[in-house]
Amino acid sequence: MPGPEARYEIRRFHAEPGEGAGASRTAEWIRAVNYGFYQKAVGEDLLRQIVDTHVADDRELTGAYEVDASSIPGFGPDRPVATFATLRKTLNVGYGRLVPAHLVTAVTVRTDHRRRGLLRRLMGEDLARAKADGVPVAALTASEASIYRRFGYGVATLERRITVDTGPRFALAVKPRGRVLSVDPPVMRRLAPEIFALAHGAVPGSIDRQERYRLRAAGEWAEETGGPDSAARVAVHVGEDGRPDGYAAYSFRGWSHEPPTMDLCDLVAATPDAYLGLWEFLGSLDLVERVAWDEAPVQDPLSWALVDPRVLKADGAQDMLWLRILDVAAALQGRRFAHDGALLTRIDDPLGLTSGRYRVSVASGECQVERVPDDDPSPDDLTMDIAELSSVYIGGVSPVLLAEAGRIRSGEHSPEAALTLERMLAVERAPHCSTHF
Ligand SMILES: CC(=O)SCCNC(=O)CCNC(=O)[C@H](O)C(C)(C)COP(=O)(O)OP(=O)(O)OC[C@H]1O[C@@H](n2cnc3c(N)ncnc32)[C@H](O)[C@@H]1OP(=O)(O)O
């Protein structure tokens with residue numbers, strides 16, 4: 001069988017609205033993504049909305065097209081058999097520092113073209129281009145946890161599904177500062193990005209958001225139709241300085257559901273007061289007995305703030321943000337460190353983008369990274385795959401735990417190196433990513 005290079009042509013382009021050839025190529029690409037995720041066919045309104053958000057986000061769309069597709073019944077030359085999209089945003093790496101991040105999304109390969117190396121080709125080419133552009137880290141959220149490690153991605157943040165019973169047992173031990181206002185969703189067109197920008201600068205692990213989040217908060221985007229969402233409700237937290245610094249978007253599940261449940265669609269908070277204040281508000285909603293949230297942090301201050309922590313029930317944690325360091329020096333030098341120290345680290349990289357030995361030296365919280373030749377006789381303090389360095393990079397995953405799992409190996413002369421790395425990488429608060437992409 002011929003390899004993927006021979007059978008497929010890769011085309012990269014940006015979304016185009018309207019009627020022309022570019023618009024039809026865009027529409028076919030969006031339909032292919034929908035097909036790949038087993039979603040309902042996209043109607044014209046939803047299609048227009050998706051195109052507009054792709055334009056607003058400046059997404060680069062990549063499609064693999066079968067060479068000679070016109071000979072296949074029902075297949076036009078504009079219909080991709082694989083899709084792949086990227087956006088350039090920023091990642092909070094702790095202490096308010098943001099580094100450029102290359103976000104990968106909308107990865108699909110049509111059923112009848114799978115397991116022929118298309119994803120491997122698209123990912124390999126794409127990561128090499130991002131590295132050449134000087135972007136230090138790539139990121140994605142995964143449909144399955146078994147796919148991306150082979151390309152050097154590691155899990156950097158987790159999330160979990162929770163329900164909170166908001167009956168008489170719901171109470172917070174300490175009153176959060178500030179107040180919460182119920183607002184009309186259209187206000188969020190302006191407010192959502194402003195509030196998110198504050199939270200983005202405050203929460204390690206945060207990834208800057210796509211346009212879709214703003215429209216959803218404003219009640220202008222229902223997932224199925226792309227039309228208005230008449231069920232959307234929003235509450236905004238205002239800090240003691242009078243500045244809006246958090247919001248919760250929620251919708252009622254319907255009276256046929258027992259117990260009466262509010263679905264929390266999104267919660268953005270720049271401060272712990274905003275986070276707990278919004279929860280206090282959600283816990284006080286009349287007629288509602290439960291709030292359900294699919295994207296809660298695992299290290300959740302709410303659990304500790306509740307008078308009775310058992311009103312919160314949680315499913316097991318699941319991988320959320322996957323990171324893939326493309327340039328070790330740029331990634332590490334882009335962040336601030338909690339402790340000084342020096343470690344000689346050997347990195348293995350399945351794609352060869354970062355393989356090598358690195359001396360990581362931190363003084364006064366700032367890091368210098370220096371390449372060390374293979375024949376240098378100094379012993380390695382740590383050895384790991386790039387997936388592990390990517391996992392521990394923003395301080396949300398413990399190097400000690402990964403050493404216990406056998407994923408990070410310490411040199412015989414440096415049994416405490418994983419602990420040293422953990423101290424160096426610590427950040428000011430628990431990392432969490434609330435942006436799915
Ligand atoms: C960031 C995102 O967008 S996440 C969404 C991912 N997309 C989906 O889940 C939609 C449904 N699935 C698909 O479209 C496809 O099966 C894909 C995209 C997951 C894989 O595409 P393919 O072209 O079949 O992958 P490809 O043939 O390049 O395989 C590359 C490697 O990944 C492995 N692999 C592919 N899919 C999976 C999987 N679902 N689980 C585990 N391993 C997988 C292959 O075995 C192969 O391994 P190897 O090269 O190390 O031997």
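The legends below describe close-up views of a predicted model. Residues are numbered from 1 along each chain as its sequence is written. Because the model is predicted, local features need pLDDT of at least 70 and side-chain atom pairs count only at pLDDT 80 or more, whereas totals for chains, interfaces and linings use all residues.

**View 1. Domain division of the protein.** The protein is divided into domain 1 (4–135), domain 2 (159–317) and domain 3 (328–385 + 392–425), with bounds that come from an automatic or database domain assignment. Taken over C-alpha atoms, the centres of domain 2 and domain 3 are separated by 37 Å.

**View 2. Helix 2 and its surroundings.** Helix 2 (residues 21–36) comprises 16 residues and reaches 23 Å from its first C-alpha to its last, close to the 22 Å expected at 1.5 Å a residue, the expected span being 1.5 Å times one less than the number of residues. Helices (H or I, at least four residues) and strands (E, at least two) are DSSP runs, numbered from the N terminus. R25, T26, A27, W29, I30, A32 and V33 are the buried residues of helix 2, where a residue is buried if 20 or more other C-beta atoms, placed from the backbone, lie within 10 Å of its own. The cover over these buried residues includes strand 1 (8–14), helix 3 (44–57), strand 2 (60–66), strand 3 (82–92) and strand 4 (98–109). Helix 2 is followed by Y38, which has a positive phi, near 60°.

**View 3. Y148 and F437, annotated as "active site".** The UniProt annotation "active site", from an unreviewed entry, covers Y148 and F437; such annotations may be inferred rather than shown by experiment. Y148 lies in the loop between strand 5 (137–140) and strand 6 (154–155) and is buried, because 24 other C-beta atoms are within 10 Å. Leaving aside neighbours within four places in sequence, Y148 is in contact with L140, A142, Y153 and W322, contact requiring that the C-beta atoms of two residues, placed from the backbone, lie within 7 Å. F437, found in the segment after helix 12 (417–425), is likewise buried, with 22 other C-beta atoms within 10 Å. With the neighbours within four places in sequence again left aside, F437 is in contact with L103, T105, T141, I207 and Q210.

**View 4. The shell around the ligand.** The ligand is surrounded by 22 residues, of which the closest are V107, R114, L119, R120 and S143; a residue is near a molecule if its C-beta atom, placed from the backbone, lies within 6 Å of it. Strand 4 and helix 4 (118–132) are the elements that give two or more residues to this shell, and strand 4 supplies the largest share, six residues.

Methods:
Buried ≥ 20, exposed ≤ 12 C-beta atoms within 10 Å, placed from the backbone.
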